[in-house]
Amino acid sequence: MTKHIITTQNGSPYENALAERMNGIIKSEFIPRRLYRNHDEARKAIDNIVMAYNNQRPHVRLNYLTPEIAYTTEGTLPKRWEKYKRSIEPIET
């Protein structure tokens with residue numbers, strides 16, 4: 001059985017948004033609106049969904065590559081996102 005655990009590398013709460021984004025894409029684009037007869041059927045469907053996500057769906061932020069191709073590509077991929085600065089606004093009392 002294949003296990004799929006979605007986590008962030010550093011455990012930073014700011015990176016959790018990336019994991020949540022991926023979960024949202026998987027749920028909205030790949031998971032059909034249906035009930036599965038049992039866990040085994042659901043697990044097989046999820047395995048197929050994760051394979052499609054990683055091997056068939058190009059991602060803008062990966063320079064239009066699939067995650068599998070981006071992972072195995074040597075060198076640096078051009079970044080297509082900005083690093084956001086965390087700002088804390090003072091609370092007015």
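1. Ground rules. The model is predicted, so local features need pLDDT of at least 70 and side-chain atom pairs count only at pLDDT 80 or more, while totals for chains, interfaces and linings use all residues. Residues are numbered from 1 along each chain as its sequence is written, and side-chain values use heavy atoms, with hydrogens and water left out.

2. H1, the length. Helices here are DSSP runs of H or I, at least four residues, numbered from the N terminus. H1 takes in residues 16-30, and its 15 residues reach 21 Å from first C-alpha to last, close to the 21 Å expected (1.5 Å times one less than the number of residues).

3. Ala19, Ile25 and Ile26 are buried (under 20% relative accessible area, 1.4 Å probe, protein chains only). Down the axis they fall within an arc of 120°, so they line one face of H1; the arc is taken from the directions from the helix axis to the C-beta atoms. On the other side, Ala17, Arg21, Lys27 and Ser28 are exposed (over 50%). Helix H2 (39-55) is among what covers the buried residues of H1, with contact meaning heavy atoms within 4.5 Å.

4. H2, the two sides. Glu41, Ala42, Ala45, Ile49, Val50, Ala52 and Tyr53 are buried in H2. Their arc is only 170° around the axis, which puts them on the same side of H2. His39, Lys44, Asn48 and Met51 are exposed on the other side. The cover over the buried residues of H2 includes H1 and helix H3 (67-72).
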